[in-house]
Amino acid sequence: MMPLWTQWWVWMSAALILATAEVLLPGYIFLGFALGAAVMGVLILLGVSATGFALTLVIFSVLSLISYLAMRKFFGLRKGQVKIWDTDINE
């Protein structure tokens with residue numbers, strides 16, 4: 001029997017759970033992990049798998065970091081743009 005972390009559907013399920021957590025707790029934190037888990041699931045589905053659990057977690061971490069940095073660049077403030085607050089929460 002193969003370990004659970006080598007199954008593609010486990011990574012896709014984790015991606016779905018993390019994406020749901022992002023909807024409930026927005027902030028683009030869980031979405032990076034969800035994209036990393038989804039890409040990891042696709043890689044395992046295509047037959048690209050790591051030899052050990054530690055290497056699998058390293059690949060997942062790198063994929064999550066890359067997706068987080070890409071989202072930060074895409075959704076973040078543009079160069080030279082300043083965030084302006086025109087309303088106060090206490091008003």
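Visitor: Leaving aside neighbours within four places in sequence, which residues is Q7 in contact with?
Guide: Contact means heavy atoms within 4.5 Å. With neighbours up to four places away set aside, Q7 is in contact with M2 and I44. Q7 itself is found in the segment before helix 1. This is a predicted model, in which local features need pLDDT of at least 70 and side-chain atom pairs count only at pLDDT 80 or more, while totals for chains, interfaces and linings use all residues. Residues are numbered from 1 along each chain as its sequence is written, and side-chain values use heavy atoms, with hydrogens and water left out.

Visitor: How far apart in space are Q7 and G32?
Guide: The C-alpha atoms of Q7 and G32 are 20 Å apart, and the two residues are 25 apart in sequence.

Visitor: Where is S64, and is S64 buried or exposed?
Guide: S64 is placed in helix 3; helices (H or I, at least four residues) and strands (E, at least two) are DSSP runs, numbered from the N terminus. Buried means under 20% relative accessible area, exposed over 50%, and partly exposed in between (1.4 Å probe, protein chains only). S64 has a relative accessible area of 4%, so S64 is buried.

Visitor: Which residues make up the largest nonpolar core?
Guide: In soluble globular proteins, nonpolar side chains tend to be buried together. A nonpolar core here is a set of buried Ala, Val, Leu, Ile, Met, Phe, Trp, Tyr and Cys residues joined through side-chain atoms within 4.5 Å. The largest has six residues: W11, A15, A37, M40, I44 and F60. Helix 1 and helix 2 (30–45) are the elements that give two or more residues to this core. Helix 2 supplies the largest share, three residues. As for M40, its contacts beyond four places in sequence are W11, T56, I59, F60 and L63.

Visitor: How many aromatic pairs are there?
Guide: A pair of aromatic rings is described by the distance of the centres and the angle of the planes. Rings of Phe, Tyr and Trp (its six-membered ring) pair if their centres lie within 6.5 Å; planes under 30 degrees apart count as stacked, over 60 as edge-to-face and the rest as tilted. The count comes to three aromatic pairs. One of them joins W11 and F60, which are tilted at 50° between the planes and 5.3 Å centre to centre. W11 lies in helix 1 and F60 in helix 3 (residues 53–75), so this pair ties together parts that are 49 residues apart in sequence. W11 is buried at 9% relative accessible area, and F60 is buried at 16%. Ring pairs link W11, F33 and F60 into a cluster.

Visitor: Which residues form the nonpolar patch on the surface that includes W9?
Guide: L4, W8, W9 and L45 form that patch, with about 440 Å² of accessible area together. Patches are made of residues with over 30% relative accessible area and no salt bridge, with like charges joined within 9 Å and nonpolar side chains (Val, Leu, Ile, Met, Phe, Trp, Tyr) within 5 Å. A salt bridge is a side-chain nitrogen of Lys or Arg within 4 Å of a carboxyl oxygen of Asp or Glu. Accessible areas come from the Shrake-Rupley method with a 1.4 Å probe; for residues, only the protein chains shown count as cover. W9 sits in helix 1 (residues 8–24) and is partly exposed at 43% relative accessibility.

Visitor: Is I84 buried or exposed?
Guide: I84 is exposed, with 70% relative accessible area. I84 belongs to the segment after helix 3. Between the C-alpha atoms of I84 and W9 there are 44 Å.
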